[in-house]
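Dear colleague,

I am handing over the structure below, and would be grateful if you could read it alongside the notes that follow.

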Amino acid sequence: MSVLDNWEQWKNFLGDRLHQAEDEGMSENVISDVAYQVGEYLSQQVEPKNEQERILADLWRVADEQEQHAIANMMVKLVQNNGTR
């Protein structure tokens, strides 16, 4: 089963990657930019696997670039307390 198949696993996966980036000294601005790039990639290349991902994909699709950055930043905030830390 892929981490994309389960919302909680996906949030934990993202949380782990976020903590890893922070531990390696990535700034909030860089993390935010990477989150935006991941969101852009997912919207173009990955079919949503659950309802939550479908909602995010739909929101991403109708958002302008500034709003997409806001969505990416909210996802970073959402997963800050997830993962194995």
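Contact here means heavy atoms within 4.5 Å, and helices are DSSP runs of H or I with at least four residues, numbered from the N terminus. Please bear in mind that this is a predicted model, in which local features need pLDDT of at least 70 and side-chain atom pairs count only at pLDDT 80 or more, while totals for chains, interfaces and linings use all residues. Residues are numbered from 1 along each chain as its sequence is written, and side-chain values use heavy atoms, with hydrogens and water left out.

I begin with the contact of H1 and H4. Trp 7, Lys 11, Leu 14, Gly 15, Leu 18 and His 19 in H1 meet Met 75, Val 76, Leu 78 and Val 79 in H4. Sorted by class, this contact has seven nonpolar, two polar and one charged residues, where Ala, Val, Leu, Ile, Met, Phe, Trp, Tyr, Cys and Pro count as nonpolar, Asp, Glu, Lys and Arg as charged, and the others, Gly among them, as polar. The axes of H1 (residues 7-23) and H4 come within 8 Å and cross at roughly 95°; these axes are lines fitted to C-alpha atoms over the stretch in contact, and the angles run from 0 to 180 degrees between N-to-C directions. H1 and H4 are therefore roughly perpendicular to each other, the scheme being that angles under 35 degrees count as roughly parallel, over 145 as roughly antiparallel, 65 to 115 as roughly perpendicular and the rest as oblique.

On the H3 side Leu 56, Leu 59, Trp 60 and Val 62 take part, and they meet Glu 67, Gln 68, Ile 71, Ala 72 and Met 75 in H4. By class, the contact of H3 with H4 has seven nonpolar, one polar and one charged residues.

Val 76, in helix H4, is buried at a relative accessible area of 17%, where buried means under 20% relative accessible area, exposed over 50% and partly exposed in between, with a 1.4 Å probe and protein chains only. Leaving aside residues up to four places away in sequence, Val 76 touches Leu 18, Ile 31 and Ala 35.

Turning to the aromatic rings, a search of the whole structure finds two aromatic pairs. Trp 10 and Phe 13 form a stacked pair, 5.7 Å centre to centre with 15° between the planes; rings of Phe, Tyr and Trp (its six-membered ring) pair if their centres lie within 6.5 Å, and planes under 30 degrees apart count as stacked, over 60 as edge-to-face and the rest as tilted. Because Trp 10 and Phe 13 are three residues apart in helix H1, they are separated by about one helical turn. Trp 10 counts as buried at 8% relative accessibility, whereas Phe 13 is partly exposed, with a relative accessible area of 32%. The other pair, Tyr 36 and Trp 60, is tilted, at 5.7 Å centre to centre and 35° between the planes. This pair links distant parts of the chain, with Tyr 36 in helix H2 (residues 28-45) and Trp 60 in helix H3, 24 residues apart, and both Tyr 36 and Trp 60 are buried.

Notes:
Helix = DSSP H or I, 4+ residues; strand = E, 2+ residues; numbered from the N terminus.
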